[in-house]
There are 2 protein chains.
Amino acid sequence: MVRKTKEDTEHTHALLLDAAESVFTKKGVAASTLNDIAVEAGMTRGAIYWHFKDKGELVRAMCERATLPMEAMVNEVMAVAGDDPLGSVRRLTVHALTQIAESKRQHTVFDILFHKCEKTGELAEVFEREYESRNECQSQIEGLFKQAVKRGQLPVDTDTHLAMQALHSYLIGLMHEWLLAPEAYDLAKHAAPLVDVLLAGLRVAPPRKRLRPVAKAGTIARREKIGV
Amino acid sequence: MVRKTKEDTEHTHALLLDAAESVFTKKGVAASTLNDIAVEAGMTRGAIYWHFKDKGELVRAMCERATLPMEAMVNEVMAVAGDDPLGSVRRLTVHALTQIAESKRQHTVFDILFHKCEKTGELAEVFEREYESRNECQSQIEGLFKQAVKRGQLPVDTDTHLAMQALHSYLIGLMHEWLLAPEAYDLAKHAAPLVDVLLAGLRVAPPRKRLRPVAKAGTIARREKIGV
DNA sequence: TTATATACATACATGAACGTATGTATGCAA
DNA sequence: TTGCATACATACGTTCATGTATGTATATAA
């Protein structure tokens, strides 16, 4: 039995991506063989080489199947740009966390991206796209923060670039660490209060643009005592 | 020329670890060959197999050379347990960030750990140790938060476990993202104000132990609209 | 109904990394 | 000075993943 109908073909395509997610999760991307993935999908390497040029394209396809809906969500939230920029930031962040917590596919793929693959070598070009989407996300967040300053939701001397770094790092860190131990706490349940901690901090004690005049001097000694 | 003095041997050992850092940074751990590392160090694979059982032990040794002084620093800060637990948390976090920003070795090795290797497969056992030290760090932070609640530095109904997750995730996220683009901002310079953002947030809007009685109900609909 | 492109399976060749076995020259002890 | 353990280098065999070439049965168009 060979040569399926178009639906069968697309189904095979999806099965291969499913198998890739499964095998990558178990053994990591680099340690996973194309044969492993084919067998997991109940086929042979011939199927993979028919649908994908090589391992890189397989990884890229697997990533895009999970990240594209995520980016669409971001764009959707950005489209409704209302008069509450901080609220937009909150919705964006909470939604991203909720997505990872509740969608098995996002959970699996982001776990692979964070902990089961290396972003260099032959897959470097695959992750350049990730990097660009990261930059875009960052500049959108900073844009919202600048609006928030204009509308008085944040102090006037807020360093919006550092504030963006803080929020973005917090978001990535929450994903990164929760994926390491999802049983540690219910992320979907506590996403909002967790995000509110940092947003509250940004309101009452944001990084400021002009630091006080360098204090007095000194205070830079006493480091490197422990080592290297 | 073979058979060096003990000093020469230790020097060779260090050279191999240096070479490992360099090669892993360029090509990633999985894609790096023991031959690559040996050549980078100006030797052959024989030298590596003399000093290390296999690739796993080489990675472990490279990690420990960078993380042991880090852990020593943590223990040192914990030892002086004064009457300012939140201050201890602050010092701990700021010091960790400063260390990564200013020590080239910490910078390199943590970059490898975060972005240039996969924490599964044959190296899984190597990272179990990382995982345990992570847990220890987490419980220490939570302990400090519990003390902070007792001393009135945090609201009485603070969920210290979630607060710990927030701070730990924030710390990891800051490292993770700064290592991706160290030129984006001066981490050593802004470590303290960045940490203060989250600490301020924990004081004024921490995650609470008892949420208000479930609001009204509803509000959980409207998700999964976008994807998978 | 036939022909062709499709959707895989199978077979083969190549190279590369690994582990080990062995070679070897030297520092150090007796 | 001899002898041995050390600190590597070199050589060898094996495994294994990859890429490609080829086989093959079927859906679909003509």
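Select helix 7 (residues 124–150) of chain B together with helix 8 of chain B: the two pack at an angle of about 125°, with their axes 9 Å apart (axes being lines fitted to C-alpha atoms, for helices over the stretch in contact, and angles running from 0 to 180 degrees between N-to-C directions; helices being DSSP runs of H or I with at least four residues, numbered from the N terminus). That makes helix 7 of chain B oblique to helix 8 of chain B, since angles under 35 degrees count as roughly parallel, over 145 as roughly antiparallel, 65 to 115 as roughly perpendicular and the rest as oblique.

This is a predicted model, in which local features need pLDDT of at least 70 and side-chain atom pairs count only at pLDDT 80 or more, while totals for chains, interfaces and linings use all residues. Residues are numbered from 1 along each chain as its sequence is written, and chains are lettered from A and ligands numbered from 1 in the order in which they are written.

Next, show the side chains between these helices, where residues of helix 7 of chain B including Ile141(B), Phe145(B) and Val149(B) meet residues of helix 8 of chain B, among them Ala163(B), Met164(B) and Leu167(B).

Now select both chains: 49 residues of chain B are in contact with 50 residues of chain A (C-beta atoms, placed from the backbone, within 7 Å). The largest share of the side of chain B that touches chain A, twelve residues, comes from helix 8 of chain B.

Finally, superpose the chains (by least squares on the C-alpha atoms of residues with pLDDT of at least 70 in both): chain B can be laid on chain A with an RMSD of 0.0 Å by a turn of 180° and a shift of 0.0 Å along the axis, which is the relation of a two-fold axis. Because 100% of the interface residues of chain B are also interface residues in chain A, the copies meet through the same surface.

How values were computed
Contact = placed C-beta atoms within 7 Å.
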